[in-house]
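My entries follow in the order I made them.

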Amino acid sequence: MSRTALRICPLCEATCGLTLTIEGTRVTGARGDREDVFSKGFICPKGAAFGALDADPDRLRTPLVRVDGELREATWEEAFAAVAAGLRPVAERYGRDAVGVVLGNPNVHTVAGGLYPSVLIGALRTRSVFTASTVDQMPKHVSSGLLFGDPNAIPVPDLDHTDHLLLIGANPLESNGSLCTAPDFPGKLKALRARGGRLTVIDPRRTRTARLADRHIAVRPGTDALLLAALATTLFEEGLTDLGDLAAHVEGLPELRAALSDFTPEAVAPACDVDAALLRTLARELAAAPTAAVYARIGSCTVPHGTLASWLVDVLNTLTGNLDRPGGALFPQAATDRTPRPAGPGRGFTLGRWHSRVRELPEAKGELPLSALAEEIDTATDEGEPLRALVVIAANPVLSAPDGDRLDKALESLDFMVAVDPYLNETSRHADVVLPPPPPAQSPHHDFAFNTLAVRNQVRYSRPAVPLEPGRMAETEIHARLILAAMGMPEAEPGSVDAMVVEQTLAKAVKEPHSPVHGQDPEDLAARLTGDDGPERRLDLMLRLGPYGDGFGADPDGLTLDRLLAHPHGIDLGPLRSRLPQPLKTVSGRIELLPAPVAADLPRLRQALRERPAGPVLVGRRHLRSNNSWLHNLPALTGGTNRCTLHLHPEDAARLGVRDGEPVRVKGAGGEVTAPAEITDGIRPGVVSLPHGWGHDRPGTRQSHAAVQPGVNVNQLLDGTLLDPLSGNAVLNGIPVELTRAGSRNTGDRPGTPGGGKLTPLVCFPARPAPRWSTRRTPDPPGGTP
């Protein structure tokens, strides 16, 4: 007999509510929850495939431990004992920074990923931290930190109320939004137009979002910051700036005007390949709209001037008076945010507190660039020890970071590696211990990260829809035990980790004058927490101390876990509202429009005015039925439009002599791949596009469907040297490439490009059989593998 259960979808940033149909312990269907306070029944193909993901037969069910070079099934006790035996000796012999932590994007989609990684990093006391943020969103964190003093204070467009939305480098109809949590983003854009609003999309591809827009501008890839600077300069030149209520919270306006004076539309137009008159029109439309918001995403982050582009987005929102006002770009306030502090100056945001060992790349937000991971393992210097051990949690940097081939080899040289991952993928296959979390239906869910980016304030929580299967371990317990193993205490009670965090949090809260529990007994407060386990008690603690919380009785109507559990479809906390100056944590206590690191990087942007690529450039793309490298093992989410093909314009195809479906070799600084051509006039001439997250053709993995149509790894075209200097973010878009019809001996379509050496492409098709997943860790013989 079937039953239903509610669940928040963990498969993208939209966080839609689902109603699951369950037979026994198996999820047999998923539909949108019409009563969900946030998503109101919306669902996308990923959410509809929840049951298929949950039941994927390739998901690991038990831990794996490497014995005599082979990964073998083990008990949980054996696995955590192996972790303790592998990690501690490395740290003790070579130092704490010889142990690295790599965090993947799925961490922000789980309760465990939201609660434990920071505790793990603190326990290891390592500065060798790498995450997916530096191949995705770090420029936005850095620009927000410099402007507002807090790298997590990210304004989001008020989609439900704005009159004018300018999107640059974003394709929410296929990505469902990013750094802007909005179920049914497509419906919100259609509603914007239906109420008479205007949508402008700036993108080198005519995406689904661009086809919906009032105006699509096919900008030259990588010139986003130049275009945005031209809009800001036009506002200054034509007297269109109007800060309104923001004026009292802003400093640096005259200095900003002087710093941007060289970026006139006429100066910028040739580099962007956008008419100067059109650039001025865009600026005038922004200024004239009753309310407006500029929103940029991954296409503008993963370019040479990603931090400057992210900074200019909020500069434009500020100059038009649209920052922190309804209909503009507002700061969300999540229910689990820290207790709001009184407005006033803060400590500000600092870059480069430490540097990577090999290239001396600066940290940002406590992280080193993921592009530097391979060299930090395989390169010896006089500046400390290389990385000798890794903890990799829900990450697949062999596919997501530049030059996966080099990283693939580097991982083999580690003394020890532990991976928390449900699959044996291109990265976790190198681990000495693999700790598999259970399927999502067997886990609780609360969006700690995405509620801080939501277009409406709300709070929701899902308990596990089905009980843990025998032999499984809760993901939260896996993380807690991993922390204890890293501390050399693998046999300690896992609940002690949560108890420690609760104790530390309350000890600090009772000492803060602005806290609702100031001066109270932390032990008494801890005893009043509710929840079935440590993670729920921590959630209850965060809700009670948060901006809507009951303050342990100070507000009888405030949030607690018990109140949230009584509202299974969630609690609506109202529309976004103006919050300044409270979010500001700069040293001045104001919005610092021209931070020193930004001013120092502007000469590099001026130099870009004179640059123009000599040949084709590459951009990425997203698919509605995909999310990075996660979902290619599900038949329901592959095929159709979700294929690893090379988009190229008919003019470029004709020049290469390539027909639709024929293979094209793409060569970059880091290597080359071969993919089938998909000829489309939806991309501008001189630009080609490959999707991110493919390349499932390495031995030793256990993703049988993904291996049938592996695709190619677009990041293999990169050598890791191209970075945005302020954020350390990898440059993935607008990179120069050479194109050749596969089988041709010519190298590239650039005039005058000389012939080259032997080409050994990675072929996207035909398919290869699924490889065995028990792989050996053995060194290559001298001279390489025969």
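**Entry 1: a mixed sheet**

I traced an open sheet of 7 strands, ordered β26-β21-β25-β22-β24-β23-β27, with mixed pairing. I then asked which strands stand at the edges. They are β26 (735–736) and β27 (738–741); each has a single partner strand, so one side of each is left without a neighbour in the sheet. I keep in mind that this is a predicted model.

Strand β21 (residues 617–619) pairs with β26 in the antiparallel sense, over 2 bridges. I noted valine 617 with its bridge partner in β26, proline 736.

**Entry 2: another mixed sheet**

I found an open sheet of 7 strands in the order β5-β4-β17-β16-β15-β6-β7, also with mixed pairing. Here β5 (70–73) and β7 (129–131) stand at the edges; since each has a single partner strand, one side of each is left without a neighbour in the sheet. From one strand to the next, I read an average twist of 20 degrees.

Inside this sheet I checked the pairing of β4 and β17. Strand β4 (residues 64–67) is joined to β17 by 2 bridges, and the two run antiparallel. Valine 65 is placed opposite valine 433 of β17.

I also looked for a helix packed on these strands. Helix α19 (residues 475–486) lies across β15 (389–393), β16 (416–420) and β17, and it runs at about 160 degrees to β16.

**Entry 3: histidine 445**

I stayed with β17 and moved along the chain. Histidine 445 sits in the loop between β17 (433–435) and β18 (456–459). Is histidine 445 buried or exposed? Its relative accessibility is 1%, so I count histidine 445 as buried; the cut-off for buried is under 20%.

I listed the polar contacts of its side chain. One, at 3.0 Å, joins the side chain of histidine 445 to that of aspartate 447. Another, at 3.4 Å, reaches the side chain of arginine 7.

Which residues touch histidine 445, once neighbours within four places in sequence are left aside? I recorded Arg7, Ile8, Cys9, Pro10, His109, Thr110, Val111, Arg460, Tyr461 and Ser462.

**Entry 4: strands β9 and β13**

I looked at a parallel pair next. Strand β9 (residues 164–168) runs parallel to β13 and is joined to it by 4 bridges. Leucine 167 is opposite tyrosine 295 of β13.

I checked where the side chains of β13 (residues 293–296) point. Ala293 and Tyr295 face one way, Val294 and Ala296 the other way, and all are buried. I set the general rule beside this: side chains of a regular strand alternate between the two faces of the sheet.

**Entry 5: the α10 and α13 crossing**

I examined helix α10 (residues 224–237) against helix α13 (residues 276–288). Their axes come within 9 Å and cross at roughly 65 degrees. I noted the crossing of α10 and α13 as right-handed.

From α10, the contact uses Leu227, Ala230, Leu231, Thr234, Leu235 and Glu237. From α13, it uses Leu279, Arg280, Leu282, Ala283, Leu286 and Ala287. Sorted by class, this contact has 9 nonpolar, 1 polar and 2 charged residues.

**Entry 6: backbone items**

Glutamate 360 has a phi of about 55 degrees and is in the loop between β14 (329–330) and α16 (373–378). At 53% relative accessibility, I count glutamate 360 as exposed. Phenylalanine 552 has a positive phi of about 60 degrees and is in the loop between α22 (534–545) and α23 (561–565). Its relative accessibility is 4%, so phenylalanine 552 counts as buried.

I also noted a cis peptide bond between leucine 580 and proline 581, with omega at about 10 degrees. Proline 581 belongs to the loop between β19 (571–575) and β20 (591–592).

**Entry 7: glycine 149**

I located glycine 149 in the loop between α6 (138–148) and β8 (156–157). Its relative accessible area is 8%, so glycine 149 is buried.

How far apart are the C-alpha atoms of glycine 149 and arginine 590? I read 8.8 Å, for residues that are 441 apart along the chain. Apart from neighbours within four places in sequence, glycine 149 is in contact with Ser144, Gly348, Phe349, Lys585 and Thr586.

Notes
Residues are numbered from 1 along each chain as its sequence is written. This is a predicted model: local features need pLDDT of at least 70, side-chain atom pairs count only at pLDDT 80 or more; totals for chains, interfaces and linings use all residues. Side-chain values use heavy atoms; hydrogens and water are left out. Axes are lines fitted to C-alpha atoms, for helices over the stretch in contact, and angles run from 0 to 180 degrees between N-to-C directions. A crossing is left-handed if the near helix is turned anticlockwise from the far one by less than a right angle, and right-handed if clockwise. Contact means heavy atoms within 4.5 Å. Ala, Val, Leu, Ile, Met, Phe, Trp, Tyr, Cys and Pro count as nonpolar, Asp, Glu, Lys and Arg as charged, and the others, Gly among them, as polar. Buried means under 20% relative accessible area, exposed over 50%, partly exposed in between (1.4 Å probe, protein chains only). A polar contact is a pair of N or O atoms within 3.5 Å; within protein, one must be able to donate a hydrogen and the other to accept it, and residues adjacent in sequence count only if both atoms are side-chain atoms. Two strands pair if DSSP finds at least two bridges between them.
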